[in-house]
Amino acid sequence: MVDAQASKTSRAEPSDRGTLGVVRGQGEASVLLRTKLHRPPVTPDALLRPDLVARLEGFRSRPLTLIAAPAGYGKSTLASLWLEASDAPSAWLSLDEGDSDLRTFFEYLVAAIRTIVPDACRDSTALLGAPHFPSAPVLSSHLLNDLETIGERFTLVLDDYHKIRASSVHDLVSSLLAHPSPRMHLVLLTRRDPPLPVSMLRGRGAVTEITIDELGFTSEETGRFLGSVLAGDLDEQTTAAISDKFEGWPAGIRLMADSLRHRPDAARFLAGLEGGFAAIVEYLVVEVLSRESPAVVAQLVGASILDRFCAPLCEALFGPHEEADTSDLKGAEFIAALQQRNLFLIPLDTEHQWFRFHHLFQQVLRDRSHQQVSEGDLARLHCRASAWFAAHGSIEEAIKHALAGGDETAAAEIVAGNVLRALDLERQPQVMRWLDQLPDDSKWNRVEILLAEAWIGISRFGFADVPTLLERIRELGGRDEPALHFLEGTTSFWRGDAEHSLTLLEEALRTLPENSSSWVRSEAELYYGLALCVTGQSERALRFFDERLGDESIRYGMLWTRLQYGRAVVPLLSGALLDASGEARQLQAGARRADNVYAEGWAVYVSGNAYLHSYDLRRARDCFRRVVEERYVHFPRIAADAMAGLALACQLAGESDEAQEAVRELVEFAESIDDPRVLAIAESCRARVALLQGDLDSVADARWFCTESDVPGMFFFLENPCVTGCRLLIASGSDVTLAQAAQTLRQLREATSTLHFVGQTIEIVVLQAWLLEKQGQHAEALDALRQAVAMAEPGGWVRPFAEVGAPIADLLARLVEQDGSSDFTSRLLDAVDRGGQSGPSQGHAGLAIRAPSPGQRALVEPLTNREMDVLELLRGRFQNKEIAVKLSISTETVKTHVQNVCQKLGASNRREAVTRASDLGVLDRL
């Protein structure tokens, strides 16, 4: 949200006015430049353009306004004049080269919108913390949905759009314009036509364009402008000559006016100007500078390295230094002099604390700086600017200037000095941007940077480079660094070395000061509790979490979130589903109170797991759908598992089409982030759902899934390729595949039992029972099932049995016959017999498929449940887009269903399909 306190800060610290705190839903904050979000004020001598302003206002209902012209044609001035006269709310974003980064651009875009509606764009804001940043179409979809919640239509100006070079940003803007929101009118100010679908918008009459021909001053406007600026009338001949000389170019005419203030012989001076625009600008700027003292010119040239500046920054840049003489002007005096002389100074905020030069003026000054200032002096100016920005919390600019000054060591020190605090605020994407800017050599000698890189690697489940980083930390003398023990312990945890993990984490907590970095302390306490659990000390783990959660001082903060998350995970790992869902609800409530979307998503995900295993499929689907909607907010492994959980829950509920749609979304997600681990999960889930639908032929070689036994990665995750591979091998049923499955399941059972993954062990033992039954070892199969039931009953685990289906039903019946019935075995039999609340006919793995209605039996190929739903809506004359909304599927999926319905009914169009279905009695149930 917009920092409401910014306007209350002391005028002595304009740096506070130059930033904007954007607080993200998951507790992550990022420092943005407030100055980029201010509409430049209209200067007193600006020429009013009532006809152009009226035209812009008249076509504000169109999605896009494009104002394109070279530098100096008054694009920003015209837009500012218009917005000042308009009653509609507006936002402004001034772009620079750094905004070509998609995440940065989107962050500023959302921040600009939130200057109008501070609590807008909640889902889009949550995406800013995504470990793998989403693609442009995904960002566009979320933002367009967010815009629907804004009541009043507003205008958003993107100034200097020509500075954007990245195709990903252009793709985002193109996506926004392809399906424009009626709430937002987008205005692009640019020096050249942008690579956007402008032609398409022209054809639809959806764009208003203002070009160089309209922006240029007419002879009459030139006369009005010169008359107002010079406080006197020029003769018509001179005015016409100026207009012709500059071809209506506003910037040139303004420069000319400034020169004429000091010359009585306007006509003679004008006649002496030769060359094109660039030469005239150079000449006129030099003439302007010639009237200034050497000290002021030197400061102007030096200040040109800055994209924005304020008085204290100028003081730091030009004040007394050992290697330079004291400047004639202090920072405030320097800016006052520029304002008084009208030296092309543009204010960036309403308080007139931050400024920038006009781009043309700045470019001329920068050219002079390379000609007149030595490389060493320029480097010193950059380094002073870097030091000032670093001291005032503008880390991005501090790094930029340090690197521009050639001081890679200083840039690395700035990152090292701020990286742990940034992680404390959960600004991982920001930290990643900092690290990406640094040369590898400069990172290799700083413990803080290496610690951050190691943690980011662990949090992404990317462990390959972590040992090298940890070894380098030891070489740098960090052997006793408490954070090093924490990182080693966490790595050991995920690699399945539970005892070693516990030892390291105990040492980390023993040596970590209470006031140590929040992220280190929070994560260390979480993993310490989880390590207790996987070493068989779950009760001790719960006591540890409860004792720490009793501290009211940490309520709803980072540490509380981690501890409460651990309080929900331990019961889930231990098999206590009811306790897990209850603790997850506590986490959800606390996270919602703290507006922590990330932690809330974790809570919903854990609840979805618990509901699925206890076979409350409706609640499981609801939970997983919520996580899937925010899939880019979470770490990819969690998001992918939630998507797999949704597919599984839908299939178990007999909703095959919805399951296929969930699988399709999972595959698209995996491909979009290009993570091999997630791609493997997606392929595994696709195979698992195909197996449940009786389509074993479409599944790849099952042995492919069993190439690597990812035991630590099983944790409480729903989808594990190795386990799915075993399912496929058992379903294949040959002696060879059954033997391979038996060997893999033995290894998995030993590992999960050692780590006390109760739920995963139940899953494996159920599969062993199915396998033994297929091998004809009936007594052994019954004994394995008896063990599985004994483990599952205390926590109410139903899903592992129901998913296998019919083969387990027979075994369960024999178990009840031998051991007697119980409420739990009756519940298991009911779940298996219902086959996910479907009809009587069985699929390949035992899940029932809905029996066809009498009308459908007349068809060669019956309609699926989803096709029946689509047919019902076709009878109501709904269009594809309306059907998509009602069924929560994409329009492309609707189109496919309609085509299938027509094909199965032998119809050439949708109306004929409805008639044909009615004649056959297919619609009788509707």
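These legends describe close-up views of a predicted model. Local features need pLDDT of at least 70 and side-chain atom pairs count only at pLDDT 80 or more, while totals for chains, interfaces and linings use all residues. Residues are numbered from 1 along each chain as its sequence is written, and side-chain values use heavy atoms, with hydrogens and water left out.

**View 1**
Strands here are DSSP runs of E with at least two residues, and helices are runs of H or I with at least four; both are numbered from the N terminus. Two strands pair if DSSP finds at least two bridges between them. Strands of a sheet pair through backbone hydrogen bonds, either parallel or antiparallel.

**View 1. Strand 3 (residues 64-68) pairs with strand 6.**
Five bridges join these parallel strands. Ala68 stands opposite Thr190 in strand 6. Contact means heavy atoms within 4.5 Å. Axes are lines fitted to C-alpha atoms, for helices over the stretch in contact, and angles run from 0 to 180 degrees between N-to-C directions.

**View 2. Strand 5 (residues 154-159) is largely enclosed by the rest of the structure, because six of its six residues are buried.**
Buried means under 20% relative accessible area, with a 1.4 Å probe and protein chains only. Phe154, Leu156 and Leu158 point one way. Thr155, Val157 and Asp159 point the other way. Strand 5 pairs in the parallel sense with strand 4 (residues 90-94) over five bridges. There, Leu93 has Leu158 as its bridge partner. Five bridges also join strand 5 to strand 6 (residues 184-190), again parallel. Thr155 has His185 of strand 6 as its bridge partner.

**View 3. Helix 10 (residues 219-230) crosses helix 12 (residues 250-260).**
Their axes come within 10 Å and cross at roughly 35°. Helix 10 contributes Thr222, Phe225, Leu226, Val229 and Leu230 to the contact. Helix 12 contributes Ile253, Arg254, Ala257 and Leu260.

Terms used: Buried < 20%, exposed > 50% of the residue type's maximum accessible area, 1.4 Å probe, protein only.
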